[in-house]
Amino acid sequence: MAKPSDAVDPIAAVTDTGTRDPGGRVFFGARSALLLFFLALLPIPLFGFNDYIVSLGTNFLINLILIASLNVLMGYCGQISLGHAGFYGLGAYAAGIVSARLGVNPWLGLPIACLVSALAALVIGIPALRLRGHYLAMATLGFNAILAVLFDQLVSWTGGPNGLLGVKPLALGNFVLSSQARIFPLVWLCAALVMFALLNLIQSRVGRAIRAIATSEVAAQSLGIDAFRYKLIVFVLTAAMAGLAGSLYVESNLYASPESFGFSPSILLVAMVALGGWARYGGAILGALIYTGAPELLRTFQDAQLLIFGAGMIAVLLFFPGGLAAVGDSFVRFWQRPRP
Amino acid sequence: MSETPPTLLDVRGLACRFGGLQAVADLDFAVRAGEIKAIIGPNGAGKTTLFNMISGVIAPSAGQILLSGEPIDRLPAFQRARRGLGRTFQNLQIFREMTVLENVMVGCHTRSHCGTAQAILRTSSARSEEHAIRGRSQALLARVGLSERAGEPAGSLSFGDSKLLEIARALAASPRLLLLDEPAAGTSHDAALRVGELIRELNRDGLTVLLVEHNMGLVMDVSHSILVLDHGRKIAEGRPAAVRDDPAVLAAYLGEDDDA
C-alpha cells in the first residue's frame with residue numbers, strides 16, 4: 001500500500017496564511033458562554049431554596065445530558081434513535097440494582113451504568129449501523145419495548161411496576177448525598193463534563209466527519225471517512241451518556257419506576273431535540289428547559305396539559321422549523337442587520 | 001510523452017448489470033500516471049456508473065480495478081479514498097449545512113489523525129492539527145478562487161461554485177487520481193474555462209485526472225486521451241483529434257444506428 005507521502009500535494013507550494021476564519025472566534029465564544037452558563041447554575045442549592053426548586057435544577061441538568069447527547073446522535077450525526085430513554089433506564093436500573101440489590105459501593109453504579117448502556121448500544125449498533133437507512137430507528141424502537149417489559153417483569157431485580165426501592169445514597173465519607181441540595185453539585189459536574197465533551201467533539205475533526213455523514217454518507221466515504229465506525233462511536237458514546245444520566249436520576253431520587261423509561265419519554269426526547277433546535281448546540285439547553293419546566297407550569301391545566309404542550313410544540317416547529325435556537329438566531333440577525 | 005509512464009488505474013473486464021440493463025459491459029482501459037483522460041459518451045452510456053464502480057459506491061458484477069497495481073474493487077469506498085482516489089459528484093454532494101471552509105476541512109480527514117478521545121479532551125496536538133487543517137483548507141479555497149466565501153454556508157453557493165468547492169474538498173485529501181464527474185455541467189462558459197484552466201494547473205503539478213464531461217470544448221482542450229462509451233461499451237479510445245474523427249463516435253453521437 002502506498003503511503004500518503006507518495007501522494008501529490010496540490011498545495012505544497014502554497015504557504016499557510018495563518019489567518020483565522022470567523023468560525024474560530026465563534027467556537028471560542030461557545031466555550032466561554034457554556035462556562036458562564038454552568039457557573040450561573042452552581043449556586044442554586046446555596047440560596048436556601050427548598051428541595052423542590054433544587055430538584056428542578058437537578059432534573060434540568062439530567063434532562064440536559066439526555067437531550068444534548070441525543071442531539072449529537074440525531075442532529076449532528078443524522079442517526080435516528082427511538083430508544084434514548086431505554087439507555088437512560090438501563091443506566092438507572094443498573095446503578096440502582098448495584099446499590100439496592102448487590103450492596104456494593106453506590107459510587108460504582110455510575111461507571112457501571114455508563115458501561116451497561118454503552119455495551120447495549122454496541123450490540124444494537126453493530127448490525128443496525130452497517131446499513132444506510134432507518135434500521136437504527138427500528139432497532140432502538142424494539143430495544144426500548146423489550147426493556148420496558150424487562151423493567152416491569154423482572155420483579156425480583158427491578159421491583160416491577162412498584163418501582164425499585166432501597167437505593168442507597170452516594171456518600172463522601174460521612175457526608176451522605178441524601179438531599180437534593182447535596183447531590184446537586186455532582187449532577188452539575190457530570191452535566192458540565194458532558195456538555196464540554198460534546199462541544200469539543202462536534203468542533204473537532206471527528207465532529208466534522210460526523211456532520212458530513214449526516215448530510216451525505218457517500219460523499220463522506222469518498223473523502224476517506226469510515227462512516228460505520230463514526231456512527232458506532234457516536235451511538236455508543238451518547239448511549240453511555242444517557243446511562244450516566246440514568247445513574248444520576250436513580251441516585252437523586254433513590255427510586256426508579258418503569259414508566260419513566262418507556263417509549264413515550266423516548267419520543268418526547270426526540271421532540272425536545274427538534275423543539276430546541278436540530279443540530280444546534282444551544283438547542284439542547286432550551287429543549288431541557290421546556291422538558292423540565294413545561295410539566296410544572298402546565299400542572300394547573302391537569303388533563304389538558306398534554307394537549308397544550310403538543311399544540312405549543314407544533315406551533316413552534318411550524319413557525320421556526322429550526323427550533324427555538326433558530327429563534328435566537330433570527331434575533332441576532334435582526335440585531336446585526338445593516339442599519340442606515 | 002516519449003517514454004510511457006506507469007499505469008495508475010487499470011480497469012479490466014469491468015461490467016455492471018442492473019437487473020436486465022447492462023450499464024457497463026466488459027470494459028478495459030488504463031489511466032497513466034500524469035495524464036488527463038476524459039470519458040465521453042451519450043447520456044446513459046454508463047459514465048457515472050463507471051465512476052461509481054471505481055470509487056466504490058456500487059459493486060461491479062464482474063472485472064477488476066487496480067490502483068497502482070493493487071486490486072481495489074473489493075475495498076469499501078473510504079479505503080479507496082485512503083489509497084489516493086478522490087472524486088467529485090455529478091449531482092452535487094456538498095455538506096450544505098457546513099461552511100465553505102469546513103467542507104474543505106472535512107476533505108483533510110485522511111491527512112489528519114485526531115481521534116475521538118483527543119477531540120473530547122481538546123489536547124494540544126488536536127488543536128495544532130486543527131490549526132494546520134484550517135490553514136491548508138484556506139489555501140485550497142484560494143486555489144479554486146473561493147476564499148471570499150470561506151465563512152458562508154456551503155448551501156448558499158451557486159451551482160458552479162459548488163462544483164469548485166467539491167474539487168477543493170477532494171484535493172484536500174491529496175489524491176493521486178482525481179475523478180471529476182461533469183465539473184463544468186450547468187455552469188457558465190467563463191466558469192467552464194476556469195475549470196479547464198484549474199484542471200490543467202493541477203495536472204501540471206502532477207495530479208492524474210479522469211474526467212467525465214459533456215462540454216466538448218473543455219474535453220478537447222484539456223485531455224491527453226479520450227475514452228468513448230456507448231451503451232456501456234468502449235467504442236473508441238485515443239488522442240482527442242483521432243477520437244473526434246472516428247466514424248463510430250460520430251455515429252453514436254448523431255444517433256445513426258450502424259447495423260453492423
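**Stop 1: the domains of chain B**

Select residues 7-93 together with 176-254 of chain B: the domain assignment makes these domain 1. Then select 95-156, which it gives as domain 2. Such bounds come from an automatic or database domain assignment. The C-alpha centres of the two domains of chain B lie 28 Å apart.

A note before moving on. This is a predicted model, where local features need pLDDT of at least 70 and side-chain atom pairs count only at pLDDT 80 or more, while totals for chains, interfaces and linings use all residues. Residues are numbered from 1 along each chain as its sequence is written, with chains lettered from A and ligands numbered from 1 in the order in which they are written.

**Stop 2: chain B as a whole**

Colour by secondary structure. Chain B has 10 helices and 10 strands. These are DSSP runs numbered from the N terminus: helices are H or I, at least four residues, and strands are E, at least two. Of the 260 residues, 50% count as buried, meaning 20 or more other C-beta atoms, placed from the backbone, lie within 10 Å of the residue's own.

**Stop 3: the open sheet**

Pick out the four strands ordered β2-β1-β4-β5 in chain B; their pairing is antiparallel. Strands pair if DSSP finds at least two bridges between them. The edges are β2 (21-32) and β5 (70-71), each pairing on one side only. Now zoom in on β1 (residues 7-18) of chain B: eight bridges join it to β2(B). For one of its residues, select B:R17; the bridge partner in β2(B) is B:Q22.

**Stop 4: where the chains touch**

Bring in chain A, which has 14 helices and two strands. Of its 340 residues, 48% count as buried.

Select the contact: 54 residues from chain B and 39 from chain A. Two residues are in contact if their C-beta atoms, placed from the backbone, lie within 7 Å. On the chain B side, highlight α2 (77-82), α3 (100-107), α4 (116-121), α5 (124-144) and α6 (159-171), the elements that give two or more residues. The largest share, 10 residues, comes from α5(B).

Notes. A residue is buried if 20 or more other C-beta atoms lie within 10 Å of its own, exposed if 12 or fewer, and partly exposed in between; C-beta atoms are placed from the backbone.
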